[in-house]
Amino acid sequence: MNEMKFDWDDLRLFLAVAQHGGLAAASHATGKSAPTLGRRMLHLEIVLGRELFRRHARGYELTEDGTLFLERIKDVEAKIVPLATSAEKDRKTLVKISAGTWMTLALMQDIAAIMDGNDRTQLRFISDEHILDIGHREAMIGIRNRRPEQIGLACRKVGRVQFAGYAASKHVKPWAKVIGNTPSALWLNQSVEDAERIEVTAPRNALDMAKTGICRAVLPTFIGDQESDLVRVTAPILELAHDQWLVTHNEERFIPEVRVTIERIAELLKKLHMRSGADA
């Protein structure tokens, strides 16, 4: 056996596949996807130089070598399971959630709905207009304004986002212009280029200035409609309307803490878009 290439975590996965008799049941037990388990078992067989399983449509059956290997590591299991169980009690899964300024703000306002009873999860919100690469694990969950084309990602449509102009009253004429290349910033630059404006570098500053009564701001309706001191001063801006997608890595979505977080965010976004009057 080439110990330099041996991954001891494969022992834990081997035990799960052997004991459950297949990838599907072992997937639920380990939090690993069935394709990942299949690749790990194949890698383990290559490293050991032995065929451990007979692969059938009904499941994974141990070969003679597989049965002998299982017997050899039974004492190892007795030692590592208590250690793993102890570590599991204290472990928290870090779940990184990537979204733009406005969606992050909306999630913050209902954070209790995401966190409630989810004590084994450590949430990290990454607010950035730049799209992080979920395939390279820069984030685990992303909220995007278009369907991803990258292989290996899972997604679902969660609603439709609309934008409009907001201000303290319709008498306010100057605009808060966000310097940047976001669709709303580009629309404002092209559509009201002659209007008086105050420039800001952060989208959130546009909302803050609109609430003071100084400027108008282009906001998603799920933000603007919730501000009691703002009113719509334009019709919905059709050029900025887009579908919204909840995206995660195809393998990481099977991790229990990630799955719970995805479902809670999806439910939250559904209610959010219903309140804002956008089509879901």
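Predicted model: local features only at pLDDT ≥ 70, side-chain atom pairs only at ≥ 80, totals over all residues.
Trainee: At about what angle to β6 does helix α11 (residues 256–276) run?
Mentor: Helix α11 lies across β3, β4, β5, β6 and β12. Helices (H or I, at least four residues) and strands (E, at least two) are DSSP runs, numbered from the N terminus. Angles run from 0 to 180 degrees between N-to-C directions, with axes as lines fitted to C-alpha atoms, for helices over the stretch in contact.

Trainee: How many helices and strands does the protein chain have, and what share of its residues is buried?
Mentor: The secondary structure comes to 11 helices and 12 strands. Buried means under 20% relative accessible area, exposed over 50% and partly exposed in between (1.4 Å probe, protein chains only). Of the 280 residues in the protein chain, the buried share is 45%.

Trainee: What is the strand order of the open sheet?
Mentor: The sheet has five strands with mixed pairing, where two strands pair if DSSP finds at least two bridges between them. Its edge strands are β4 (121–127) and β6 (153–161), each pairing on one side only. The twist averages 20° from one strand to the next. The order is β4-β3-β5-β12-β6.

Trainee: Which helix lies across β3 (93–99), β4, β5 (141–144) and β12, running at about 145° to β4?
Mentor: The helix spans residues 101–109.

Trainee: How many bridges join β6 to β12 (residues 242–249)?
Mentor: The two strands run antiparallel. In β12, H242 is the bridge partner of V161, and V247 is that of C155. The number of bridges joining β6 to β12 is eight.

Trainee: Which residue in β12 is the bridge partner of I141?
Mentor: β5 and β12 pair in the antiparallel sense over four bridges. In β12, the partner of I141 is T248.

Trainee: Is H249 buried or exposed?
Mentor: H249 sits in strand β12, where seven of the eight residues are buried. Leaving aside residues up to four places away in sequence, H249 touches I134, G135, R137, M140, G152, L153 and A154. Its relative accessible area is 11%, so H249 is buried.

Trainee: Are α1 (residues 9–20) and α2 (residues 23–30) oblique or parallel to each other?
Mentor: Their axes are 8 Å apart, and the helices pack at an angle of about 130°. The contact is made by R12, L13, A16, V17 and H20 of α1 and L23, A25, A26, A29 and T30 of α2. Angles under 35 degrees count as roughly parallel, over 145 as roughly antiparallel, 65 to 115 as roughly perpendicular and the rest as oblique. The two helices are therefore oblique.

Trainee: How does α1 lie relative to α3 (residues 34–48)?
Mentor: α1 and α3 pack at an angle of about 115°, with their axes 10 Å apart. That makes α1, relative to α3, roughly perpendicular.

Trainee: Is the crossing of α1 past α3 left-handed or right-handed?
Mentor: D9, D10, L13, F14 and V17 in α1 meet L37, R40, M41, H43 and L44 in α3. A crossing is left-handed if the near helix is turned anticlockwise from the far one by less than a right angle, and right-handed if clockwise. α1 passes α3 in a crossing that is left-handed.

Trainee: How many residues lie between β1 (residues 53–56) and β2 (residues 59–62) in their hairpin?
Mentor: The strands pair in the antiparallel sense over four bridges. In β2, the bridge partner of H56 is G59. The number of residues between the strands is two.

Trainee: How far apart in space are D116 and R264, C-alpha to C-alpha?
Mentor: D116 is in the loop between α7 (111–115) and β4. With a relative accessible area of 58%, D116 is exposed. D116 and R264 are 148 residues apart in sequence, and their C-alpha to C-alpha distance is 9.8 Å.

Note on methods. Residues numbered from 1 in each chain as written. Heavy atoms only, no water. Contact = heavy atoms within 4.5 Å.
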